[in-house]
Amino acid sequence: MNEEKKLEELRVVIARHRRWDLIFLIAGVLALMIALLTFMALFTQMLIDGMPRLSWDFFTSFPSRRPESAGILSAWVGTTLVMLVTAISAVPLGIAAGVYLEEYAPKNLFTELIEINVTNLAGVPSIIYGLLALGLFVYQLGLGQSILAAGLTLALLILPIVIVATREAIRTIPIVIREGSYALGATKWETVADHLLPYSAPGILTGVIIGLARAIGETAPIITIGALTFIAFLPPSPIKNEFPFISFEWLAAPFTVMPIQMFNWVSRPEEEFQSNAAAAGLILVVMTLAMNALAIYLRYRMRKKIKW
Amino acid sequence: MYSKNVKSTCEKISRSTSNLQYSYKRHIKEKVIELLLFLAAFFSILITFSIVFMLVKESFAFFQQVSIWEFLTDTQWTPLFNDAHYGILPLISGTLVSSTVALLVALPLGTTIAIYLSEFASYTVREITKPFLELLGGIPTIVYGYFALLFVTPLLQIIFPDLPGFSLLSAGLVMGIMIIPYVSSMTEDAMRSVPMHLREGSYAMGATRFQTAIRVVMPAAFSGIAAAYILGISRAVGETMVVAIAAGMQPNLTWNPMEQAATITAYIVQVSLGDLPHGSIGYQTIFAAGLTLLLITLIFNILGHLLRKRYRQAY
């Protein structure tokens with residue numbers, strides 16, 4: 001009789017815990033749904049608001065006081081040029097630092113300091129980078145509110161991302177590859193340049209794409225360096241008719257970028273400008289989503305294909 | 001015959017010396033490359049140093065004109081008015097209130113998602129969901145700001161008719177949802193790195209998945225989860241565009257999320273949009289504000305570091 005009672009109690013306890021399990025399962029699915037549904041809402045809202053504004057003219061017009069004729073020409077050109085500067089400066093530097101930390105660095109306090117520092121830099125709010133750039137690039141180095149200053153600012157911002165991606169990609173290469181290379185008499189750099197970098201290229205590329213996708217959407221640091229929000233002209237063309245055919249004047253030109261153009265439209269009271277903002281946001285989201293999706297796909301393929 | 005032999009020997013010797021030269025050159029090249037790579041790595045330290053230097057330098061100039069006491073205790077922040085007050089408290093209150101709202105959304109939801117994905121979900125669900133969450137984290141913050149102002153605020157105004165057009169509540173809510181992917185993916189990584197045999201032991205004792213997740217996996221993954229939370233907090237405190245767009249730019253000493261108020265970051269944006277001359281006190285205020293922001297994130301980072309050290313689990 002007593003045994004049976006105990007068994008009964010035990011069953012109640014088990015049932016209760018099973019119920020908790022189920023409740024949590026539902027909570028988990030709900031939490032996931034909230035996150036995904038918000039994204040759906042965000043996307044649909046912008047699609048409804050911005051879709052009517054999307055046309056060829058929107059891409060080929062300068063911003064204007066009249067919302068219906070305003071476009072994003074100067075913004076997308078600016079974004080492209082700034083990203084060019086960012087990629088050219090951050091990618092080699094980030095890869096070099098990653099290679100050093102992973103392959104060359106001796107195990108000492110100083111290396112550890114660099115490592116901790118890179119981790120911490122990744123956590124510094126982006127607007128702080130903007131303040132650094134305002135003080136250093138804009139005034140100290142006299143670059144002004146130029147494409148060069150903006151590109152370098154974003155380069156600093158994504159540097160930790162590139163470094164970490166490089167290190168992770170190199171770390172997954174098994175030691176036998178290095179040993180084989182050294183056994184054939186290759187030096188350290190030859191091993192790095194001929195083996196480690198090519199094999200880790202997809203991983204590094206993934207990190208670079210994610211970093212650039214982040215840089216495209218960054219608004220705060222660029223506003224902080226004092227970028228103008230209303231630019232109705234293009235920077236000077238990098239290609240010239242006469243010798244030497246290439247000009248770097250565009251580096252010093254004032255500019256605007258997509259997120260700043262969008263911010264400018266969002267903060268206007270007229271409702272027509274809001275649909276311009278939605279259209280610009282839509283392009284921005286599609287661009288960053290496409291880049292991130294490409295990165296995720298690359299990583300997925302890499303994980304599947306490479307069998308050391 | 002003899003001369004031929006000599007010739008070949010000479011050739012051999014000359015080749016070996018040139019080889020020596022070659023190997024010497026190779027050595028130099030190696031060292032130069034190593035130095036270059038080291039400089040690239042060292043550059044990251046330079047960045048940190050210049051951030052601190054720049055903020056401290058301009059803040060120092062600022063504190064020559066405004067006492068630290070006034071900065072910390074004055075309850076008004078009106079540096080651009082004729083009757084200038086330099087009390088950082090209103091900006092700090094705005095930052096803390098919006099961050100708290102964001103974290104109240106992001107930490108529970110992010111943790112729940114992480115536990116679900118790591119302990120409950122099937123392989124297929126996890127493989128499909130994780131990329132989606134990552135994509136969510138890649139959306140530019142300015143887009144979230146637009147969403148907060150034009151979608152969430154009107155929605156909230158249906159529930160709370162008194163809610164103003166700018167509010168810390170709607171900015172905080174959207175910021176929270178924005179941070180979810182960061183928290184959930186880092187928490188999940190931490191939980192997944194807990195060795196399987198701990199779970200198996202727990203299941204063998206008859207524990208359910210929920211019990212295992214809460215009482216075994218989470219304590220074992222504590223240091224990773226703490227890192228995820230700290231990152232979430234840093235994100236919330238340093239987030240700029242969402243609050244600049246949706247929470248308004250009016251410094252306001254309040255602890256009520258239903259009001260509008262400026263955060264530290266929003267103030268920096270507001271000043272940067274204007275045209276302040278280099279070296280003026282208005283220009284210096286944004287560096288003082290930035291330094292405050294950096295110190296706040298630093299405090300949380302140190303706290304997290306201590307927590308991790310204290311509760312680090314070894315298995």
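In the predicted model, helix α5 (residues 141–159) of chain B packs against α6(B), the two axes coming within 9 Å and crossing at roughly 130 degrees. The crossing of α5(B) and α6(B) is right-handed. On the α5(B) side the contact involves T141(B), Y144(B), F147(B), A148(B), V152(B), T153(B) and L156(B), which meet L169(B), S170(B), A171(B), L173(B), V174(B) and M178(B) of α6(B). Sorted by class, these residues comprise ten nonpolar and three polar ones, with no charged residues.

Helix α6 (residues 168–192) of chain B also packs against helix α4 (residues 123–137) of chain B, at an angle of about 135 degrees and with the axes 8 Å apart. Angles over 145 degrees count as roughly antiparallel, and α4(B) and α6(B) are therefore classed as oblique to each other. Their crossing is left-handed. From α4(B) the contact draws on L133(B), E134(B), L136(B) and G137(B), and from α6(B) on P181(B), Y182(B), S184(B) and S185(B). Four nonpolar, three polar and one charged residues make up this contact.

Apart from its neighbours within four places in sequence, A246(B) is in contact with G145(B), A148(B), L149(B), T153(B), F166(B), S170(B), A171(B) and V174(B).

Contacts of A221(B), leaving aside neighbours within four places in sequence, are made with A190(B), M191(B) and V194(B). The C-alpha atoms of A221(B) and S193(B) are separated by 7.7 Å, although the two residues are 28 residues apart along the chain.

In chain A, helix α3 (residues 73–104) and helix α8 (residues 188–217) pack at an angle of about 140 degrees, with their axes 9 Å apart. These helices are therefore also oblique to each other, and α3(A) passes α8(A) in a right-handed crossing. Residues on the α3(A) side are T79(A), M83(A), T86(A), A87(A), A90(A), V91(A), I95(A), V99(A) and E103(A); they meet K188(A), V192(A), L196(A), I204(A), V208(A), G211(A), L212(A), A215(A) and I216(A) of α8(A). The contact of α3(A) with α8(A) divides into 13 nonpolar, three polar and two charged residues.

Between the chains, 69 residues of chain A are in contact with 69 residues of chain B. Helix α1 (residues 2–50) of chain A gives the most to the side of chain A that touches chain B, namely 19 residues. By class, that side of chain A has 47 nonpolar, 19 polar and three charged residues.

Note on methods: Residues are numbered from 1 along each chain as its sequence is written. Chains are lettered from A and ligands numbered from 1 in the order in which they are written. This is a predicted model: local features need pLDDT of at least 70, side-chain atom pairs count only at pLDDT 80 or more; totals for chains, interfaces and linings use all residues. Two residues are in contact if their C-beta atoms, placed from the backbone, lie within 7 Å. Helices (H or I, at least four residues) and strands (E, at least two) are DSSP runs, numbered from the N terminus. Ala, Val, Leu, Ile, Met, Phe, Trp, Tyr, Cys and Pro count as nonpolar, Asp, Glu, Lys and Arg as charged, and the others, Gly among them, as polar. Axes are lines fitted to C-alpha atoms, for helices over the stretch in contact, and angles run from 0 to 180 degrees between N-to-C directions. Angles under 35 degrees count as roughly parallel, over 145 as roughly antiparallel, 65 to 115 as roughly perpendicular and the rest as oblique. A crossing is left-handed if the near helix is turned anticlockwise from the far one by less than a right angle, and right-handed if clockwise.
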